Amino acid sequence: MTPERVLLVEDERAQREPLARFLQRSGHEVVEARTGEEGLEELRRHAFAVLVTDLRLPGIDGLELIRRARDLDEDCGLLLITAYASVESAIEALRLGAHDYILKPLILDEVATKVGRLIEQRELRRENARLRAALQRGAGPADDLVADSKAMGEVVAWVRRAASTRATVLVLGETGVGKEVVARAIHAAGPQAAEPFLAVNLAALPVAMVESELFGHERGAFTGAERRREGLLRAAGEGTVFLDEIAELPLEVQPKLLRALEAREVFPLGSDRPVPFQARLIAATHRDLARRVDERRFREDLYYRLNILRIVVPPLRERPEDVPGLVRHLLGRSPGGRGVEVSPEAMRALCGHRWRGNVRELANVLERARILAVEGRIDLPQLPEDVRGQEDGLSLQLAVDRFERGYIAMALELCQGNRQQAARELGISEATLYRRIEKLGLKGHGVARGGEGP
């Protein structure tokens, strides 16, 4: 990661050089200036994450430098150093835009902590600005939810209900169905839409990093921890933290997340004091969490704490009505794809494909087809062979299979995955149910659409 640039303005060499060296060891790139005029020239030439300035300087003093720095770059964090501990100077510094101040004699660790905090606050301000700009453009994450089918209409209704609360949400569904899209839509539709949305895939994190990523750490908490880190739950402010692949959360971290959710506070690594957080949590997985609980691979109490509101995103093969809308949306979002036309034959093939990889697979197929399109038109030759082979996708048999697949999936869910009970409810033998499950691609299907209605 590129070091953040800090401008240090201090006329006393005995104060400036030791502090500069310490900030450099803390992982920052430090530029030194001896006067307010030198500092102002640096601010005009370069962008800085933080300005650290003494109050008393030759020529332009620290207060004037802070005022001009605020005019030049409103994102720059401003820290005033002073040996003159008067209430008036502190108030004036804050009035002019300073974010914090510190008194001499300096404690180097305290300066580094304040600089690190200002950098983190700067990143949060930038993220908020990006989100506000996206909302003003009307291009929010909710636009990615295509809901032409009844099944996705139910998902949208759940999204609206979840957005009106701060309750924890568990999003379930196969890989590639768009669980993060649902999470972002919940965030965008809520009152905290302008706050950060921070996402992490727990399956992609090394086990040793998970706790630090979620709860943060203090400087020196472990080897390589040269800077303090807030962690996602605090860095999101009043926004949303999205934990994808929650089933992969290490067992040793699960009780800590449970306690954090119940107490609304975290213990950063290396600290013995709890710190409160306000973020809302949305978790997601393609795994059967109930089965993981039975296998003692996931804590039962954490499962119930996450499962306050549950949204199940159905696989694309169970909602072919959404395919045309998704095709238009994905091509419109793709660079150079807005003027691409899809032939009726190609659309029939796309609607008939089973999409084992769900929306993610569809997006990849369309990206390839867009590149190969002839005169802005996608036809059968531009589709992969396995997709072209489904051109008869609107046949009666395929429609019957789709209906049967959805009906059996619903029965399995209502019976909580108990296939013997599901067979009785369907009025068929258990052996027949097993054969239909194999034929229709429902093997291992343990989570289906259902639960309480929105």
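Analyst: Let's start with a definition: a charge sits over a ring if NZ of Lys or CZ of Arg is within 6 Å of the ring centre and within 35 degrees of the ring normal. Arg5 meets this over the face of Phe48, at 5.7 Å from the ring centre. Arg161 lies over the face of Trp158, at 5.6 Å from the ring centre.

A word on the source. This is a predicted model, in which local features need pLDDT of at least 70 and side-chain atom pairs count only at pLDDT 80 or more, while totals for chains, interfaces and linings use all residues. Residues are numbered from 1 along each chain as its sequence is written, and side-chain values use heavy atoms, with hydrogens and water left out.

Now to rings that meet other rings. Rings of Phe, Tyr and Trp (its six-membered ring) pair if their centres lie within 6.5 Å; planes under 30 degrees apart count as stacked, over 60 as edge-to-face and the rest as tilted. Searching the whole structure turns up two aromatic pairs. Phe197 and Phe242 are stacked, because their ring centres are 6.2 Å apart and their planes stand at 25°. This pair links distant parts of the chain, with Phe197 in strand β7 (residues 197-201) and Phe242 in strand β8 (residues 240-244), 45 residues apart. Helices (H or I, at least four residues) and strands (E, at least two) are DSSP runs, numbered from the N terminus.

Phe197, at 5%, is buried, and so is Phe242, at 0%. Tyr303 and Tyr304 form a tilted pair, 5.4 Å centre to centre with 45° between the planes. Tyr303 counts as buried, at 14% relative accessibility.

Finally, the strands. In β4 (residues 77-82), six of the six residues are buried, so this strand is largely enclosed by the rest of the structure. Gly77, Leu79 and Ile81 lie on one side of β4 and Leu78, Leu80 and Thr82 on the other, all of them buried. Two strands pair if DSSP finds at least two bridges between them. Strand β3 (residues 50-54) pairs with β4 in the parallel sense over five bridges, and Val50 stands opposite Gly77 in β4. β4 also pairs in the parallel sense with strand β5 (residues 100-103), over four bridges; there, Asp100 is the bridge partner of Leu79.

Notes
Buried means under 20% relative accessible area, exposed over 50%, partly exposed in between (1.4 Å probe, protein chains only).
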